[in-house]
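Here is a short briefing on one protein model. Look at the sequence and the structure first, then read the points below.

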Amino acid sequence: MSWTTAIVAGTSVIAGRQASAAAQYNQAIQNRNARVMMQRAEAIEQKKQLDLAKFDQQFQQLQGETKVSIAKTGAERSGTALRILRNNVEQAELEKNMIDYNAEIGKSQAFEQANFARMQGQLARQQGRAMAYQYYGQAASAVAPYAKSLLTSFGEDQGIQVGEI
């Protein structure tokens, strides 16, 4: 076997290991990206809870101010005054539903981005394996023509007959 063949085989094996290591690294990056997206989804949920609590507090204040205004005018809590209070409650429910809906959309997008990142990581790993196998194949192809002579010399040095191998 010539030196060039040995160099080709050796560098192909090294390249295969590097391809595998790069694939693992790329998969780790994508897995990290997926974790970040999952954390983002959790943050969206927490923000939604805070927004709803803040909205409830502001709504209670608005309803209290409305009741005081109605009482100052001397009007009874019937007719128009009651319709105003009921309308405030209906609008508050719509607003709370909108806060919830927007948060769910944001969480859904974050979950989808996390899933996509995981898939990209798996794909990077598979591509790296394919490249590594390609390089290992090149190494095997480089030494294949010399395999019989290597086995023959190994057999002679060890006292093993070639037919026994």
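The accessible surface of the protein comes to about 11,800 Å². Carbon and sulfur atoms account for 55% of that surface. The model is predicted. It holds 3 helices and 0 strands. Read from the N terminus, the elements run α-α-α.

**Overall build**

- The protein has 165 residues, and 23% of them count as buried.
- Take the contacts between residues at least 6 apart in sequence: 85% of these join residues at least 24 apart.

**Helix α1 and its end**

- Helix α1 has 71 residues.
- From first C-alpha to last, α1 reaches 103 Å. That is close to the 105 Å expected at 1.5 Å a residue.
- Gly 64 is placed in helix α1. It is partly exposed, because its relative accessibility of 30% falls between the 20% and 50% cut-offs.
- The C-alpha atoms of Gly 64 and Leu 85 are 9.8 Å apart. Along the chain, these two residues are 21 residues apart.
- Thr 66 also belongs to helix α1. Its relative accessibility is 14%, so Thr 66 counts as buried.
- Which residues does Thr 66 contact, leaving aside neighbours within four places in sequence? They are Ile 84, Leu 85 and Asn 88.

**The nonpolar core**

- The largest nonpolar core has 5 residues: Leu 52, Phe 55, Phe 59, Ala 92 and Ile 99.
- Helices α1 (3–73) and α2 each supply at least two residues of this core. α1 gives the most, with 3 residues.
- Ile 99 touches Lys 48, Asp 51, Leu 52 and Phe 55, not counting residues up to four places away in sequence.

- How many salt bridges does a search of the whole structure find? It finds 8.
- Glu 45 and Lys 107 meet through their side chains in a salt bridge, at 2.7 Å from N to O. Glu 45 lies in helix α1 and Lys 107 in helix α2, so this pair ties together parts that are 62 residues apart in sequence.
- Is Lys 107 buried or exposed? Its relative accessibility is 14%, so Lys 107 counts as buried. Glu 45 has 23% and counts as partly exposed.
- The side chains of Asp 100 and Lys 48 form a salt bridge, also given as 2.7 Å from N to O. Asp 100 lies in helix α2 and Lys 48 in helix α1, so the pair ties together parts that are 52 residues apart in sequence.
- Lys 48 has a relative accessibility of 8%, so it counts as buried. Asp 100 has 31% and counts as partly exposed.
- Asp 56 forms a salt bridge with Lys 96, and the closest N and O atoms are 3.2 Å apart. Asp 56 lies in helix α1 and Lys 96 in helix α2, so this pair ties together parts that are 40 residues apart in sequence.
- Asp 56 is partly exposed at 30% relative accessibility. Lys 96 is partly exposed too, with a relative accessible area of 24%.
- Salt bridges that share partners join Glu 45, Lys 48, Asp 100, Glu 104 and Lys 107 into one network.

**Surface of helix α2**

- Met 98, Tyr 101 and Ile 105 make a nonpolar surface patch of about 300 Å².
- Ile 105 is placed in helix α2. Its relative accessible area is 36%, so Ile 105 is partly exposed.
- Ser 108 is found in helix α2, which covers residues 80–143. At 44% relative accessibility, Ser 108 counts as partly exposed.
- Ser 108 and Ala 41 are 67 residues apart along the chain. Their C-alpha atoms are separated by 7.7 Å.

Technical notes. Residues are numbered from 1 along each chain as its sequence is written. This is a predicted model: local features need pLDDT of at least 70, side-chain atom pairs count only at pLDDT 80 or more; totals for chains, interfaces and linings use all residues. Side-chain values use heavy atoms; hydrogens and water are left out. Helices (H or I, at least four residues) and strands (E, at least two) are DSSP runs, numbered from the N terminus. Buried means under 20% relative accessible area, exposed over 50%, partly exposed in between (1.4 Å probe, protein chains only). A nonpolar core is a set of buried Ala, Val, Leu, Ile, Met, Phe, Trp, Tyr and Cys residues joined through side-chain atoms within 4.5 Å. Contact means heavy atoms within 4.5 Å. Patches are made of residues with over 30% relative accessible area and no salt bridge: like charges are joined within 9 Å, nonpolar side chains (Val, Leu, Ile, Met, Phe, Trp, Tyr) within 5 Å. Accessible areas come from the Shrake-Rupley method with a 1.4 Å probe; for residues, only the protein chains shown count as cover. A salt bridge is a side-chain nitrogen of Lys or Arg within 4 Å of a carboxyl oxygen of Asp or Glu. The expected span of a helix is 1.5 Å times one less than its number of residues.
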